[in-house]
Amino acid sequence: MKALVSLKDVAFQYPGSPKRAVEGISFTVPKGRWTALVGHNGSGKSTIARLIDGLLAPLAGSITVDGLALNNENLATIRRKIGFVFQNPDNQFVGTTVGEDVAFGLENRNVCRAAMQEKVARSLQTVGMADFIDEQPANLSGGQKQRVALAGVLALEPQLVILDEATSMLDPEGRQQIDDLLLRLQRERQLTILAITHDTYEASLADHVVVINDGHLVEQGPAATILSQSARLQQLHLKPPFVFQLKQLLIARGIQIPEDVNNEQRMVDWLCRQYNSQI
Ligand SMILES: Nc1ncnc2c1ncn2[C@@H]1O[C@H](COP(=O)(O)OP(=O)(O)O)[C@@H](O)[C@H]1O
Ligand SMILES: [Mg+2]
């Protein structure tokens, strides 16, 4: 699998801080896949996102994005390849209407009016917010605001979308809508996603999971492999996804569950099959 982003031995220390925020970080973000960056608060996730986007310069190590070394010369080109969605839906709304908000990034890139209108409409369509084009931010839910933020990012056609805890302030419905949207974008358009989260359920939707603890990379691998290690996750102050907690309780009762029952849908299917074979 081709790597879109590659970090090698990356370290960073904030000015005035007595210790490094991250150190020895090496991992790749495969092109066209969903990678989850997981870790409890203060572990260094946002720092890594800012390093990839060139907002911070590493103290040591190297970063490559889409084959380009992240340096001063390539900075502007690289930043155009990356779209960011942040945590707080209220801090990233810049327009007075939904349409203006999505157009903002395009205006900065001097896209002509006709092309801009077309891109705005298409992006809002993608996130299911086309009917809200003239709406004001105050009339939107948190989840709808995040979908508008994502539309603004998609309008710029980035190679990589980084979401830094973008669903953590949303209600379950808003969160579900963003998750469904991301899954669809990744599957249908092969969008590369780097989603930062401390929610292991959300991480379970990813292909690849990277776990950060106290500035160090401690685990990485396929989502099902990493997230089924309940004891290890607890050690890292992360709560295993519900499906693995349930699985563990059932296994403790002597019930054998196949390895590939590793998400909620598969668990439901498997339980129904067991139930139906009993009657
Ligand atoms: N602007 C800053 N100045 C100094 N220290 C910071 C700054 N931002 C974050 N840190 C510190 O760096 C470490 C990693 O923070 P961060 O990357 O924000 O973690 P996370 O996103 O995983 O919660 C923490 O110890 C945090 O206190
Ligand atoms: Mg953070």
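## Close-up views of a predicted model

**View 1. The four-stranded open sheet has the order β2-β1-β4-β5, with antiparallel pairing.** β2 and β5 (68-69) are the edge strands, each with a single partner, so one side of each has no neighbour in the sheet. Helices (H or I, at least four residues) and strands (E, at least two) are DSSP runs numbered from the N terminus, and two strands pair if DSSP finds at least two bridges between them. β1 and β2 run antiparallel and are joined by six bridges. Val5 has Val29 in β2 as its bridge partner. Helix α1 (residues 45-52) packs on this sheet and touches β1, β2 and β4 (60-65), its direction making about 115° with that of β1. Contact means heavy atoms within 4.5 Å. Axes are lines fitted to C-alpha atoms, for helices over the stretch in contact, and angles run from 0 to 180 degrees between N-to-C directions.

The model is predicted: local features need pLDDT of at least 70, side-chain atom pairs count only at pLDDT 80 or more, and totals for chains, interfaces and linings use all residues. Residues are numbered from 1 along each chain as its sequence is written, chains are lettered from A and ligands numbered from 1 in the order in which they are written, and side-chain values use heavy atoms, with hydrogens and water left out.

**View 2. An open sheet of six strands shows mixed pairing in the order β6-β7-β8-β3-β9-β10.** At its edges are β6 (82-85) and β10 (216-222), each pairing on one side only. From one strand to the next the twist averages 15°. Helix α5 (residues 142-154) packs on the sheet, where it touches β6 and β7 (160-164), and its direction makes about 170° with that of β6. Five bridges pair β3 (residues 34-38) with β8 (residues 192-197) in the parallel sense; Leu37 has Ile196 in β8 as its bridge partner. Helix α6 (residues 172-189) lies across β3, β7 and β8 and runs at about 135° to β3.

**View 3. Helices α3 (residues 98-108) and α5 cross at roughly 35°, their axes coming within 7 Å.** The crossing is right-handed, that is, the near helix is turned clockwise from the far one by less than a right angle. Val98, Asp101 and Val102 of α3 meet Val148, Ala151 and Gly152 of α5. The contact residues divide into four nonpolar, one polar and one charged. Here Ala, Val, Leu, Ile, Met, Phe, Trp, Tyr, Cys and Pro count as nonpolar, Asp, Glu, Lys and Arg as charged, and the others, Gly among them, as polar.

**View 4. Glu219 and Arg232 form a salt bridge, with the closest N and O atoms 2.6 Å apart.** The pair links strand β10, which holds Glu219, to helix α9 (residues 230-235), which holds Arg232, 13 residues apart. A salt bridge is a side-chain nitrogen of Lys or Arg within 4 Å of a carboxyl oxygen of Asp or Glu; the count comes to 11. Glu219 is buried at 18% relative accessible area, and Arg232 is partly exposed at 26%. Buried means under 20%, exposed over 50% and partly exposed in between (1.4 Å probe, protein chains only).

**View 5. Asp214 forms a salt bridge with Lys19, with 3.5 Å between the closest N and O atoms.** Asp214 lies in the loop between β9 (208-213) and β10, and Lys19 in the loop between β1 (3-12) and β2 (22-30), 195 residues apart. Asp214 counts as partly exposed, at 48% relative accessibility.
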